[in-house]
Amino acid sequence: MKRRVLIADDEKNMRWVLRQALEAEGYDVAEAADGKEALSGISEQEPDLMVLDHKMPAPDGMEVLRRLRGKGHRFPVIMLTAHGNVQTAVEAMKAGASEYLTKPFDLEELKLSIEKALKMSELAAEVDRLREELEQDWDVEGIVATDQNMLGVLQTVQRVAPTSATIMLYGESGTGKELVARALHRLSERATRPFISVSAGALPETLLESELFGYEKGAFTGAMTAKPGRFEMANGGTLFLDEIGDIGPAVQVKLLRVLQERTFERLGGTRSIEVDVRVISATNQDLQQLIADGAFREDLYYRLNVVPITIPPLRKRLDDIAPLVAHFLEKYGAQGRTISPEAMRAFVEYQWPGNVRELENTIERMVILSHSDEIGLDDLPAEIRAGVNVCDAGTRCFVLPESGLDLEETEMDFIKQALERAGGSAPKAAKLLGLTTKTLEARMQRFGL
Ligand SMILES: Nc1ncnc2c1ncn2[C@@H]1O[C@H](COP(=O)(O)OP(=O)(O)OP(=O)(O)O)[C@@H](O)[C@H]1O
Ligand SMILES: [Mg+2]
């Protein structure tokens, strides 16, 4: 594509000379005879570069430059100034000119300047584009979501992330609570500050307390030096308190105080330490039940539960399964491999007690164990395969359970399933099963259906 240069100069001869020279170089040239024309020319068709004479009837070149930069035009501008006027040259550069040339100038010099300025601006545009791409990746940051249920959650995430609101993440094990917590941090103004994660379930209470709040030298036997806790480390950033339901009563009290007053003391210390920390907590337990049982403080619950976000289990976002499978195949280096329709169906029908983590582990294992280009039912673990019984209409297939098959019961089961899928119509169910209606009716009678 030809690049357009706009020449703004009130001297007709000058415009003519420049036009000849630049057209010969393959540029598309436009002209403006004064500052006003220059400004209107810009809004009509944004040039890729402008050669701008400083000395023109008002608005002069400097004014034109200021106005166009003020309007946000980024294209390079080469300012032509009178010989010896250093002051103007300096001013032009400050106002956003890419370069200045003093009259009279060499045409070759101008051509070189134009080429250089265009190259620079194209590079800058490329960098902007790449950065934008990068930022888009950051938005999603490995969170695969297609299902409406999950998209709704991510919408909330995007809305509350920039605030410093305290957030509670609910979700079964492996649903992506930690992933979402990290996304909340990265989408906030705290993104450049630390994200510190503490898992309450992993530590006994006294250890958890010193882990969170730190200790002074001599606070307990073995405390040879002072140590800051996670709250201090997270200052300015985000503290992720995982498995919050496992926190014992003493730490609950201390936590409540930090949330209320933003200050605490290290173990064995008297000095009040002030912190600015955003707290995101997560649990897969029923906190209401813990409160009812007296195991969790209600006042702390209200402090933590300012913005509750519930991440649905995988079985409630079936549309996410296929994209997640593709995502994990790629993650484990098997992007070229596909999943057979039966295997995908087994994935969709399986209940996934371990949610996304279980799906991820399953795929990882399959990638290692199976070498076929298409991963089929046979490659799936038995518990996932077992979910698939009657295959899609038209095909008949059956996967044997590991043990305990009762043929009569299975037959009855199949008939029931087929009838259900056929909306109770025996002829349709018969077709699904590959039987005549008469045969099916005979079996139904035998089984008392
Ligand atoms: N929507 C998703 N897209 C891509 N990867 C995901 C998604 N959800 C979860 N994962 C992946 O699944 C695994 C489990 O996620 P994560 O650790 O965030 O779950 P969790 O809810 O914190 O689990 P737990 O309750 O067991 O701690 C991680 O490897 C994570 O990267
Ligand atoms: Mg987790």
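This is a predicted model: local features need pLDDT of at least 70, side-chain atom pairs count only at pLDDT 80 or more; totals for chains, interfaces and linings use all residues.
User: How many helices and strands does the protein chain have, and what counts as one?

Analyst: There are 19 helices and 16 strands. Both are DSSP runs numbered from the N terminus: helices are H or I with at least four residues, strands are E with at least two.

User: Which domains does the protein chain have?

Analyst: The assignment gives domain 1 (4–130), domain 2 (148–312), domain 3 (314–388) and domain 4 (390–449). Those bounds come from an automatic or database domain assignment. The C-alpha centres of domain 1 and domain 4 are 80 Å apart.

User: How does the radius of gyration of the protein chain compare with that of a compact globule?

Analyst: The protein chain has 35 Å, whereas a compact globule of 449 residues would be near 22 Å. The radius is taken over C-alpha atoms, and the globule rule is 2.2 Å times the number of residues to the power 0.38. The box filled by the C-alpha atoms is roughly 105 × 80 × 35 Å along the principal axes.

User: What makes a residue count as being around ligand 1, and which come nearest?

Analyst: Its C-beta atom, placed from the backbone, has to lie within 6 Å of the molecule. Ligand 1 has 18 such residues around it, and V144, G176, K177, E178 and V356 come nearest. Helix 7 (177–186), helix 13 (321–331) and helix 15 (355–369) are the elements that give two or more residues to this shell. Domain 2 and domain 3 each supply at least three.

User: How do the residues of that shell divide into nonpolar, polar and charged?

Analyst: Six are nonpolar, eight polar and four charged. Ala, Val, Leu, Ile, Met, Phe, Trp, Tyr, Cys and Pro count as nonpolar, Asp, Glu, Lys and Arg as charged, and the others, Gly among them, as polar.

User: Why is N355 called buried?

Analyst: Buried takes 20 or more other C-beta atoms within 10 Å of a residue's own, exposed is 12 or fewer, and partly exposed is in between, with C-beta atoms placed from the backbone. N355 has 23 of them, so it's buried. N355 sits in helix 15 and takes a positive phi of about 55° although it is not a glycine. Across the protein chain, buried residues make up 29% of the 449.

User: And G354: why partly exposed?

Analyst: G354 has 17 C-beta neighbours inside 10 Å, so it lands in the partly exposed range. G354 is in the loop between helix 14 (341–349) and helix 15. Leaving out residues up to four places away in sequence, G354 touches S173 and G174; contact means C-beta atoms, placed from the backbone, within 7 Å.

User: What makes T221 exposed?

Analyst: T221 has 6 C-beta neighbours inside 10 Å, so it counts as exposed. T221 lies in the loop between strand 8 (214–215) and strand 9 (227–228).

User: Where does R262 fall, and what is its phi?

Analyst: With 14 C-beta neighbours inside 10 Å, R262 is partly exposed. Its phi is positive, about 65°, though R262 is not a glycine. R262 is in the loop between helix 10 (249–261) and strand 11 (263–264).

User: How do you know that the buried residues of helix 18 line one face?

Analyst: Helix 18 (residues 426–433) has A429, A430, L432 and L433 as its buried residues. Down the helix axis they fall within an arc of 160°, so they line one face of helix 18. That arc is the one spanned by the directions from the helix axis to the C-beta atoms. Helix 17 (407–421) and helix 19 (437–447) are among what covers them.

User: Which peptide bonds are cis?

Analyst: Among them are A58 to P59, with omega about -5°, and K103 to P104, with omega near -10°. P59 is in the loop between strand 3 (49–53) and helix 3 (61–70), and P104 is in the loop between strand 5 (99–102) and helix 5 (107–140).

Notes: Residues are numbered from 1 along each chain as its sequence is written. Chains are lettered from A and ligands numbered from 1 in the order in which they are written. Two residues are in contact if their C-beta atoms, placed from the backbone, lie within 7 Å.
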